[in-house]
Amino acid sequence: MKISIERGTLLKALSQAQSVVERRNTIPILANVLIEAEGANVSFRATDLDIEVVDRAPAMVERAGATTVSAVMLHEIVRKLPEGALVSLAEDGAAGRLTITAGRSTFNLATLPKEDFPVMANAEYASNFSAPAPLLRRLFDKAKFAISTEETRYYLNGVYLHVSTGESGPVLRAVATDGHRLARIDAPLPEGAAGMPGVIVPRKTVNELRKLLDDDEAQIAVSVSETKVRFATPVLTLTSKVIDGTFPDYTRVIPTGNTRRLEVDAAEFARAVDRVATVSSERSRAVKLSLDEDRLVLSVNAPDSGAAEEELAVAYGDERLEIGFNAKYLLEIASQVDRENAVFLFNSSGDPTLMREGNDTSAVYVVMPMRV
Amino acid sequence: MQALCRDCLTRFDSATPKGGRCPACHSPRILSHPELEGLSIAHMDCDAFYASVEKRDNPALRDQPVIVGGGTRGVVSTCCYIARISGVRSAMPMFQALKLCPKAVVVKPRMAVYAEVSRAIRAMMEDLTPAIEPLSLDEAFLDLTGTARLHGAPPAAMLAGLVARMEAELGITGSVGLSHNKFLAKIASDLDKPRGFSVIGRAETEAFLARQPVRIIWGVGTATQTALEQAGIRGISDLLRWDRRDLSARFGQMGDRLWHLARGQDNRRVQRDEAVKSISKETTFDTDTTDRDLLDGHLWRLAEQVADRAKAKDMAGRTVTLKLKRGDFSGLTRRHALDSPTQTADRIYREARALLDACREPGPFRLIGVGISDLGPGSAADSTGDLLDPDAGKRQAAERATDAIRARFGRDAIIKGRSLR
């Protein structure tokens, strides 16, 4: 194999590949990227056995072929090369080396045989559809914070992507929860997605996927089977196993009878929560919300370190209520609100509280209160 | 030479280093040592503590060999000095102890009573110094440096007063070791048991140690002893011949420690009892078992005991640990970090149960244990409910109600059926 490629193009293609590669590996070849050159294209393939990324870029291919080298090392080398450089990659099969040359720099990297590289088996996808990048971006971005890290409940370690019925018809829905808070985000159902099986997309996949979704104009080809999910653009394909488990029935968890309504400026609220939580030294910082006629008092009382209080003007017309929350949870859900006021719906100080943006029910958050 | 009467605490100048009587009360229990007033690190160890408490509470046992320990699989916790004559020792299997001393009276340990006596002793120690490092219920290091002016008496006199007071008020005797560091104080307390008081001064340290075997060093067990023997080291005098680097090279950190200890150098401070790091309970079965139901029953009882302890101390843990010991004594532990701290039996049990379920080992097991660690204040415990387990809140409320009933009517007033298994 021998190719020449522009440094910027190569760096972009490699950056996605090297981020999938696990830093600590027991199987040496998993640290490598598989480079395949054919026609006028070169592809870079990396995997951790759960996720596989294939990145394609145009290149001048002098000699077609394939080999594997350390993904991180190749990425580092290319990153450090001067901008605009033309990089040549030449494989010496006999020596088991890949020679990288750019200007006056020459590098030799050890290769491993391409035959040893594990290529993810192609699945039969039950459903194929196309969705605009911003739609998918919103679904995953708003749900992501609630993903559980608790390994005993492995089926919560991802975003549950499935088809459901929203207020105005069928929706593509993303749900994540860790048992303390829950996010339920809806998007209009893309054409052809109706038959999609529900899948739990693992956290790492959600993070890797994010880079695909940055381009507002991009259309993402989504393929879903019971065991795998694939997101593809013309240059990048990300295939991932899904979590083999049953996502719990989240509908029971979302309160429907909460009537005490608080409306507050989300940014102002978040800043106030952040300020009062400063005095608490405990890891789970509890903030008390005391609600009275159009008045919200946020307070923290940490016996060892001190106390703090802040008052906010809000819209609240129900009975007096005192309820506690983990400050981190409040901050995270408040930061999901970006257009309108945050609307909280409470029941009692022991029941789950619902939060949404204005009257928009396409993004709903539930948070469990804390005893204070 | 400085001398002290251990009975009436009179201090005087003794002409003879050994022997003689107190000029005030004519007691023969005289302590005299050239450095008597200059030493301030002490180790106090009660004499056959559990057995002494049993004898105190049941005078009929006074002249009989008494072994405290329990169960058919049990080992000797403590034995009185009469039983020791027959060769019975602590940690000896019960059947072996009874073979050596068939007439021994075996008493089940009453930990609550011992803890009570221990607290009383601790209170007496607090009158001497705040720098107390308890090693167990019946022994502790005390640092009396700088207390002589406050008490108007040297540490030796205060310590003699402490053991005299323990004997008079609690009916428990103890032995004291007084020296210039913890290592030597601990050795000293063992030199003259029971009812002893030994002093190791700076001047005599090296000569004294050179006569001792290496096993006298705290932390040198059978394994280290064997390793040392292979290197030709039996006595501390052998250690003194080794170069410091060679010892470190051969025995690692332990080597460096041995080098210092062999010279009587130990700069560890007497540390007030450290904060509790974990709370755990374990139980050994009468016969090894593979029965998961039985394990489960134990798991619940242990979780309940751990929770009781955590609640009593107002603490909560973020990590739950399951411990199992196989028939061949090898152990395995599994732990799980929680996203919020807990002190309830319900959660501790559920987490431990999940760990047990995930453990593919069939057994048989001889021991099971449950613990919590990564402790924090109890106020933060179980404060956030679980959306996906709405019953958790009810179970916790039930547990709080159960606790309240027990606090009023006793431990067995209300129990879970599960704990009968």
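**Exercise 1. The largest cavity**

Task: State the volume of the largest cavity in this predicted model, and describe which residues line the cavity.

Solution.
Step 1. The volume of the largest cavity is about 30 Å³. The structure holds one cavity of 30 Å³ or more.
Step 2. A general point on method: empty space shows up when a probe the size of a water molecule is rolled over the atoms.
Step 3. The lining consists of F141(B), K182(B), F183(B), K186(B), W218(B) and R268(B).
Step 4. Sort the lining by class: three residues are nonpolar, three are charged and none is polar.
Step 5. Look for the element that gives the most to this lining: helix α7 of chain B, residues 182–189, with three residues.

**Exercise 2. The interface of chain A and chain B**

Task: Find how many residues of each chain are in contact, and give the area buried between chain A and chain B.

Solution.
Step 1. On the side of chain A, 23 residues are in contact with 17 residues of chain B.
Step 2. Interface size is often expressed as accessible area lost when the parts come together. Between chain A and chain B about 1,800 Å² is buried, and carbon and sulfur atoms give 50% of this area.

**Exercise 3. Polar and charged pairs**

Task: Which residues form the salt bridge between chain A and chain B?

Solution.
Step 1. The count between the two chains is one salt bridge.
Step 2. The partners are R153(A) and D386(B), with their closest N and O atoms 2.7 Å apart. This lies within the 4 Å cut-off for a salt bridge.
Step 3. Four residue pairs across the interface are in polar contact, both residues being at pLDDT 80 or more.
Step 4. The side of chain A that touches chain B has 10 nonpolar, five polar and eight charged residues.

Methods:
Residues are numbered from 1 along each chain as its sequence is written. Chains are lettered from A and ligands numbered from 1 in the order in which they are written. This is a predicted model: local features need pLDDT of at least 70, side-chain atom pairs count only at pLDDT 80 or more; totals for chains, interfaces and linings use all residues. Side-chain values use heavy atoms; hydrogens and water are left out. On a 1 Å grid over the protein atoms alone, a cavity is a set of points where a 1.4 Å probe fits but cannot get out, and a pocket is an open set with protein on both sides within 12 Å along at least five of seven lines; lining residues have an atom within 4 Å of a point. Grid points are joined across faces, edges and corners, and a volume is the space filled by probe spheres set on the points. Helices (H or I, at least four residues) and strands (E, at least two) are DSSP runs, numbered from the N terminus. Ala, Val, Leu, Ile, Met, Phe, Trp, Tyr, Cys and Pro count as nonpolar, Asp, Glu, Lys and Arg as charged, and the others, Gly among them, as polar. Contact means heavy atoms within 4.5 Å. Buried area is the accessible area (1.4 Å probe) that two parts lose on being put together, summed over both. A salt bridge is a side-chain nitrogen of Lys or Arg within 4 Å of a carboxyl oxygen of Asp or Glu. A polar contact is a pair of N or O atoms within 3.5 Å; within protein, one must be able to donate a hydrogen and the other to accept it, and residues adjacent in sequence count only if both atoms are side-chain atoms.
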